[in-house]
Amino acid sequence: MFATFRAVRFLVIGPFVLGMLVIVNWMTSPGHWWVQWAALGIGIAWFISLLRVIRALIVLGGLAALIAYLRKRTRDDRLPPGEPLG
C-alpha cells in the first residue's frame, strides 16, 4: 500500500525533478545535453510508477464492484418474493 502512495507521489515529483535538471543543464552547459540520460532513467521509473498506480486502481475498482454485487445480492435475498426492488 505504501508503494502505491510512493508511486503516486513520484508521478508528480518526477517531472518536477526532470524540469529542474533541464534548467540546471541549460544554465551550466547548453551545448551538451547530458540531461537526456537522466530523462531516460526518470522516464522509465515514471512509467513503472504509472503502471503500479493503474494496477492499484483496477484492484480497487474490482473490490468496489464485488462489494456492490454482494450488497445487492444480500438486499435481494431479504425481500419477500414478488416485492419490487427500490
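Biologist: Hi! What radius of gyration does the protein chain have, and what would a compact globule of 86 residues have?

Modeller: The protein chain has 24 Å, whereas a compact globule of 86 residues would be near 12 Å. That radius is taken over C-alpha atoms, and the globule rule is 2.2 Å times the number of residues to the power 0.38. This is a predicted model, where local features need pLDDT of at least 70, side-chain atom pairs count only at pLDDT 80 or more, and totals for chains, interfaces and linings use all residues. Residues are numbered from 1 along each chain as its sequence is written, and side-chain values use heavy atoms, with hydrogens and water left out.

Biologist: What does the C-alpha trace span along its principal axes?

Modeller: About 80 × 20 × 15 Å.

Biologist: And how many helices and strands are there?

Modeller: Two helices and zero strands. Both kinds are DSSP runs numbered from the N terminus (helices are H or I with at least four residues, strands are E with at least two).

Biologist: How much of the chain is buried?

Modeller: Buried residues are 9% of the 86. Buried means under 20% relative accessible area, exposed is over 50%, and partly exposed is in between (1.4 Å probe, protein chains only).

Biologist: Switching to charge: which residues form the positive surface patch?

Modeller: Arg-6, Arg-9, Arg-52 and Arg-55. Helix H1 (2–28) and helix H2 (35–78) each supply at least two residues of that patch. Patch residues have over 30% relative accessible area and no salt bridge, with like charges joined within 9 Å and nonpolar side chains (Val, Leu, Ile, Met, Phe, Trp, Tyr) within 5 Å. A salt bridge is a side-chain nitrogen of Lys or Arg within 4 Å of a carboxyl oxygen of Asp or Glu.

Biologist: Why does Arg-55 count as exposed?

Modeller: Because its relative accessibility is 54%.

Biologist: How far apart in space are Gly-19 and Arg-75?

Modeller: They are 53 Å apart, C-alpha to C-alpha, and 56 residues apart in sequence. Gly-19 lies in helix H1 and is partly exposed at 30% relative accessibility.

Biologist: Which residues make the nonpolar surface patch?

Modeller: Val-12, Ile-13, Phe-16, Val-17, Met-20, Val-22, Ile-23, Trp-26, Met-27 and Trp-33 make a patch of about 1000 Å². One of them, Ile-23, is found in helix H1 and is partly exposed, with a relative accessible area of 42%.

Conventions. Accessible areas come from the Shrake-Rupley method with a 1.4 Å probe; for residues, only the protein chains shown count as cover. Lys and Arg count as positive and Asp and Glu as negative; His and the chain ends are not counted. The place of a charge is taken as NZ of Lys, CZ of Arg, CG of Asp or CD of Glu.
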